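Please have the sequence and the 3D view ready.

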Amino acid sequence: MRVTGGEAAFEANAAHVRAANDHDERVGALVTLDLPDDSPMLGLPWIITFGPLSDVDEWEPVVCGPYERPHALALAEAVVAEEQLMAVVEPLLPALSAEEIRGEIAAAQIAAEDEAAQIDQADLYGDFEDVIDEELELAAEQEPVAGPLTAPSEAELRAGFARIAKLLTSKGA
């Protein structure tokens, strides 16, 4: 699992949006997880956290959701396409106990340690961050240019909420 984001993702997103609509002004950035098509996380509810794109602006982030992943991505893209904001789209893990939450925290800590070890190993052979930046730039150049996703309608969102409610109430049953 890889997280796309940061300044490289912003530049890739900005280049993608400029190519799609000939805008020269800066637009926002959308950050999300790069998951395989068979990931069980795709079926979870997703949230969007909107915040300032730079350190110059200071305001509390706005968290919206839960949504189904396609709805969350479309809404986030619709907002950042014309606003200089950062949108982070991530899965919402509905935990049923403090122990389950502790397990998720432990897994995240182990993943962070593994990533730090990979970065340390990569430093032996060059700058790992440069490789990521180059990969993001190449991906942005190779992706077909498409218009922004259409934001879902209120009816589509309400239907998604109903599916999420069903998912959440059936968890663990």
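We begin with how to read the model, then turn to the core and the charged pairs.

This is a predicted model, in which local features need pLDDT of at least 70 and side-chain atom pairs count only at pLDDT 80 or more, while totals for chains, interfaces and linings use all residues. Residues are numbered from 1 along each chain as its sequence is written, and side-chain values use heavy atoms, leaving out hydrogens and water.

A nonpolar core here is a set of buried Ala, Val, Leu, Ile, Met, Phe, Trp, Tyr and Cys residues joined through side-chain atoms within 4.5 Å; buried means under 20% relative accessible area, exposed over 50%, and partly exposed in between (1.4 Å probe, protein chains only). The largest such core has 18 residues, and I48, A76 and V89 touch the most other members. Two or more residues each come from β2 (29-34), β3 (46-52), α2 (69-80) and β5 (85-91), where helices (H or I, at least four residues) and strands (E, at least two) are DSSP runs numbered from the N terminus. The most, five residues, come from α2.

Now for the charges: the whole structure holds three salt bridges, each a side-chain nitrogen of Lys or Arg within 4 Å of a carboxyl oxygen of Asp or Glu. E68 and R163 form one of them (2.5 Å, N to O). Because E68 sits in the loop between β4 (62-67) and α2, and R163 in helix α5 (residues 154-170), this pair ties together parts 95 residues apart in sequence. R158 and E154 also pair (2.9 Å, N to O); both lie in helix α5, four residues apart, and both are exposed.
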